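Q: Hi! I've got a protein open on my screen and would like to talk it through. Can you have a look with me?
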Amino acid sequence: FKLNHYQKFELIASVDLILFPSLFEGYGYPPVEARYLSKECLAFNLPVLKEVNSDEIHYAEYNNIESLKNMAIKILRNINERTPERSKAIQDFTSYSTELSKYLAQNKRGK
């Protein structure tokens, strides 16, 4: 609760999995921070998290605690098989805007 940014990133770097059980997000910094430190992240399947993180984090069924629990167990059991390097274009505006444009174009066609 009262960690400074340095302490926060030290803590994130020390864990194997970040759980992010948010049911609503405007952007969602914790998954981005986890990716930046090449850590696994598990969140509920929210459109905004997909927009920002694509398939670089794990998604559990929305608001399903059992799904979250089972996926966390699976991820942790296979943690040594993970690919440690994540995208380094996390906060690259060009990369993000390209992905956002694709997302918006897909959803516009779907209407």
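A: Happy to! Let's start with strand β2, residues 40–44: 5 of its 5 residues are buried, so the strand is largely enclosed by the rest of the structure. Keep in mind that this is a predicted model.

Q: OK, which residues of β2 point one way, and which the other?
A: E40, L42 and F44 point one way, while C41 and A43 point the other way. Residues on both sides are buried.

Q: How many bridges join β1 to β2?
A: There are 4 bridges between β2 and strand β1, which covers residues 17–20, and the two strands run parallel. If you'd like a pair to click on, I18 has C41 in β2 as its bridge partner.

Q: And what about β3, how many bridges join β2 to that one?
A: Strand β3, residues 58–60, is joined to β2 by 3 bridges, and this pair is parallel too. Here you can look at L42, which stands opposite H58 in β3.

Q: How does the chain cross from β2 to β3?
A: It goes through helix α3, residues 47–53, in a β-α-β crossover that is right-handed.

Q: Going back a bit, which helix makes a unit with β1 and β2?
A: That's helix α2, residues 29–36. Together with β1 and β2 it forms a right-handed β-α-β unit.

Q: Let me switch topic to S67. Where does S67 lie?
A: S67 is in helix α4, which spans residues 65–77.

Q: Is S67 buried or exposed?
A: Buried: its relative accessibility is 15%, and the cut-off for buried is under 20%.

Q: Which residues is S67 in contact with, leaving aside its neighbours within four places in sequence?
A: Those are A60 and E61. A60 belongs to the β3 range, residues 58–60.

Q: Nice. Zooming out, what pattern does the protein follow along the sequence?
A: Reading along the chain, you get α-β-α-β-α-β-α-α. That comes to 5 helices and 3 strands.

Q: How much of the protein do buried residues make up?
A: They account for 31% of its 111 residues.

Q: And the contacts, what share comes from residues 24 or more positions apart?
A: Among contacts with a separation of 6 or more, 46% are between residues 24 or more positions apart.

Definitions and conventions: Residues numbered from 1 in each chain as written. Predicted model: local features only at pLDDT ≥ 70, side-chain atom pairs only at ≥ 80, totals over all residues. Heavy atoms only, no water. Buried < 20%, exposed > 50% of the residue type's maximum accessible area, 1.4 Å probe, protein only. Contact = heavy atoms within 4.5 Å. Pairing = 2+ DSSP bridges. Right-handed = clockwise from strand over helix to strand, strands pointing away.
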